[in-house]
Number of protein chains: 2
Amino acid sequence: MSIFSGLSAFPVTPADEQGIVDCDLMGRLVERLAARDVSSIGILGSTGGYMYLSTQERKRALESAIEAAGSKPVVAGVGALRSSDVCEYTKHAEQAGAAGVLLAPVSYLPLTDADVTSLFEDAYESIGLPICFYNNPGTTHFNLSEQLLVRLAERKLIDAVKNPPPADLDYDSQLARLATRVPAEFSAGYSGDAMIASAIKAGSDSWYSVVAGTLPDLAVDLWNARKDHSRLLELDSALDPLWSLFNDYGGIRVMYEVVGMLGLGSVKLPRPLLPLSTDACEQIELALASINVLD
Amino acid sequence: MSIFSGLSAFPVTPADEQGIVDCDLMGRLVERLAARDVSSIGILGSTGGYMYLSTQERKRALESAIEAAGSKPVVAGVGALRSSDVCEYTKHAEQAGAAGVLLAPVSYLPLTDADVTSLFEDAYESIGLPICFYNNPGTTHFNLSEQLLVRLAERKLIDAVKNPPPADLDYDSQLARLATRVPAEFSAGYSGDAMIASAIKAGSDSWYSVVAGTLPDLAVDLWNARKDHSRLLELDSALDPLWSLFNDYGGIRVMYEVVGMLGLGSVKLPRPLLPLSTDACEQIELALASINVLD
């Protein structure tokens with residue numbers, strides 16, 4: 001089974017105003033996840049703020065997370081604007097003991113398909129670890145065609161994809177199309193917590209989850225109900241108040257507030273990303289209370 | 001007159017595959033511009049690949065450019081994802097002798113108006129230099145409303161704006177609306193070389209120019225014809241073959257090829273941004289020959 005299959009939990013990365021990572025708190029957040037029934041822990045994804053950290057701090061965060069994860073596999077975000085930086089991160093992830101890497105085609109100038117192909121070729125040649133195409137056009141602004149995805153998968157440059165919800169929300173058709181065109185061992189999974197029940201129901205190989213990084217029990221229950229669709233939908237409906245806030249404010253901004261509300265530690269997104277308003281935080285507290293997460 | 005008014009020329013930043021800047025070549029490219037009739041030299045804009053360089057290399061590039069520019073004012077791109085990094089770059093630019101800074105609201109997670117306001121507040125408090133809002137939604141993915149622009153200008157947090165072509169290409173109306181709402185000394189200018197004749201004709205205070213960074217004479221002629229509209233349009237029409245390639249491939253990718261064609265030095269965009277194809281380069285050579293730039 002692919003290292004990318006199953007439920008992957010993405011914790012926040014705690015850092016101070018200058019971007020110095022609090023490795024002790026990082027370790028505690030990861031230990032807490034490692035004790036739960038998640039398949040892997042995803043470090044330095046969008047939730048982990050990878051693009052906002054220096055090379056040195058990314059390395060420190062990953063090393064402390066891998067140490068705290070024990071035998072639980074860690075997948076590491078290695079996206080960067082320069083291919084030479086991506087390869088520095090892939091090599092470091094391999095040396096540090098990551099089980100796989102997540103590579104997003106982060107852009108400033110718009111990227112062509114040829115550019116992105118070269119990025120995955122360079123990353124593939126740099127390491128022996130499996131690579132997941134971290135497809136998130138909302139942050140990378142690269143629109144991955146199914147044609148390019150299949151070409152990279154056929155060439156074995158990638159072993160998995162983390163897709164956002166399909167534009168038409170038709171997970172069944174997208175998974176069926178992919179299944180006929182990629183190698184059998186390829187892992188096709190999704191992010192997008194607020195829509196994830198539909199992806200799970202459609203047979204997604206994995207769930208790359210923001211909520212699981214901070215509220216792992218909720219996500220584990222949902223993922224473990226994947227063979228029982230009525231239970232799955234019942235659990236998902238109960239989370240509607242939370243998903244509604246994810247849609248309004250973005251799951252990542254919400255989760256940075258939740259870490260503090262749970263008393264796990266004080267974490268902030270880097271400025272200029274401001275904390276949510278008092279009003280929004282009150283809504284989050286109400287939503288957490290409604291699902292019995294807060295006392 | 002604002003330091004941002006007039007023709008600002010944006011050269012490429014020469015760097016090797018690991019992102020180490022060739023400061024000698026950087027100096028020669030800037031000296032060449034300083035000898036021309038441009039109002040300022042814009043270092044580390046999008047053309048200068050600022051987002052692809054490390055903190056140290058950005059500082060080296062700027063210092064060598066300011067030294068080579070002599071008495072010609074240098075404006076420095078200071079955009080970064082973290083406000084703390086932006087403030088490091090603004091302070092460095094001031095210490096190094098820049099005349100002003102260009103600040104783009106670079107994003108990974110989408111930014112709100114409140115986030116961007118905090119970014120410009122932090123930058124303003126960090127230095128005494130004038131600040132230009134580097135508005136380029138094609139790369140930053142932040143859509144600046146005229147309302148927010150006016151609010152920042154009224155508060156004197158910014159002294160200028162570098163706008164992309166208006167969606168409706170109605171430069172006259174946009175400039176007229178702004179003129180009634182911003183302080184008299186505010187400088188409203190444009191990028192977008194292929195459309196710039198319309199902006200100049202409409203009375204834009206400045207032209208932030210990609211082409212001027214490598215082919216300054218063409219841009220100086222165009223800018224200096226701003227009071228003579230028939231001459232302006234005649235000169236602009238002659239450049240149609242070049243503008244057509246800018247539209248097809250992006251002005252920045254074209255200019256990195258032109259530097260080599262002119263024998264100024266070997267420069268490359270950072271991977272994964274690939275060089276243009278042989279076919280595209282032949283088209284560029286034909287376009288340059290048609291405007292008597294190549295022998």
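With 27 C-beta neighbours inside 10 Å, Ile41(B) counts as buried; the label applies when 20 or more other C-beta atoms lie within 10 Å of a residue's own, while 12 or fewer make a residue exposed and anything in between partly exposed, with C-beta atoms placed from the backbone. Before we go on, please note that this is a predicted model, in which local features need pLDDT of at least 70 and side-chain atom pairs count only at pLDDT 80 or more, whereas totals for chains, interfaces and linings use all residues. Residues are numbered from 1 along each chain as its sequence is written, and chains are lettered from A and ligands numbered from 1 in the order in which they are written.

Let us stay with Ile41(B) for a moment. Helices (H or I, at least four residues) and strands (E, at least two) are DSSP runs, numbered from the N terminus. Leaving aside neighbours within four places in sequence, Ile41(B) is in contact with Ala9(B), Pro11(B), Val30(B), Leu33(B), Ala34(B), Ala65(B), Ala69(B), Lys72(B) and Val74(B); a contact here is a pair of residues whose C-beta atoms, placed from the backbone, lie within 7 Å. Ile41(B) and Ser209(B) are 168 residues apart in sequence, and their C-alpha atoms are 9.6 Å apart in space.

Now turn to chain A for the overall fold. Chain A has 13 helices and 8 strands. Its radius of gyration is 18 Å, close to the 19 Å that the globule rule gives for 295 residues, so chain A is as compact as a globular protein of that length. That radius is taken over C-alpha atoms, and the globule rule is 2.2 Å times the number of residues to the power 0.38. Along the principal axes, the C-alpha atoms of chain A fill a box of roughly 50 × 45 × 35 Å. Of the 295 residues of chain A, 51% count as buried. Among contacts in this chain between residues at least 6 apart in sequence, 75% join residues at least 24 apart.

How do the strands come together? In chain A, 8 strands close into a barrel in the order β1-β2-β3-β4-β5-β6-β7-β8, with parallel pairing. The twist averages 25° from one strand to the next; axes are lines fitted to C-alpha atoms, for helices over the stretch in contact, and angles run from 0 to 180 degrees between N-to-C directions. Strands count as paired if DSSP finds at least two bridges between them.

You can follow the pairing residue by residue. Strand β2 (residues 40-43) and strand β3 (residues 74-77) of chain A pair in the parallel sense over 3 bridges, and the bridge partner of Ile41(A) in β3(A) is Val74(A). Both faces of β3(A) are covered, with Val74(A) and Ala76(A) on one side and Val75(A) and Gly77(A) on the other, all buried. At β8(A), strand β1 (residues 6-9) of chain A pairs in the parallel sense over 4 bridges, with Ala9(A) opposite Ser209(A). Strand β7 (residues 187-190) of chain A also pairs with β8(A) in the parallel sense, over 2 bridges, and Tyr190(A) stands opposite Trp207(A). Within β8(A), Ser206(A) and Tyr208(A) point one way, Trp207(A) and Ser209(A) the other, and all are buried.

Next comes the packing. The largest nonpolar core has 196 residues, and those with the most contacts inside it are Ala65(A), Ala76(A), Leu103(A), Ala65(B), Ala76(B) and Leu103(B). Such a core is a set of buried Ala, Val, Leu, Ile, Met, Phe, Trp, Tyr and Cys residues joined through C-beta atoms within 7 Å. Not counting residues up to four places away in sequence, Leu103(A) touches Val78(A), Gly79(A), Val86(A), Phe120(A), Ala123(A), Ile131(A), Phe133(A) and Tyr134(A).

Finally, consider how the two chains meet. Chain A can be laid on chain B with an RMSD of 0.0 Å by a turn of 180° and a shift of 0.0 Å along the axis. That is the relation of a two-fold axis. The copies are superposed by least squares on the C-alpha atoms of residues with pLDDT of at least 70 in both. Of the residues of chain A, His141(A) comes closest to the rotation axis, at 4.2 Å (C-alpha). The contact takes 28 residues from chain A and 28 residues from chain B. On the side of chain A that touches chain B, the elements giving two or more residues are α3 (83-96) and α4 (113-126) of chain A, and α4(A) gives the most, with 6 residues. Of the interface residues of chain A, 100% are also interface residues in chain B, so the copies meet through the same surface.

Key:
Contact = placed C-beta atoms within 7 Å.
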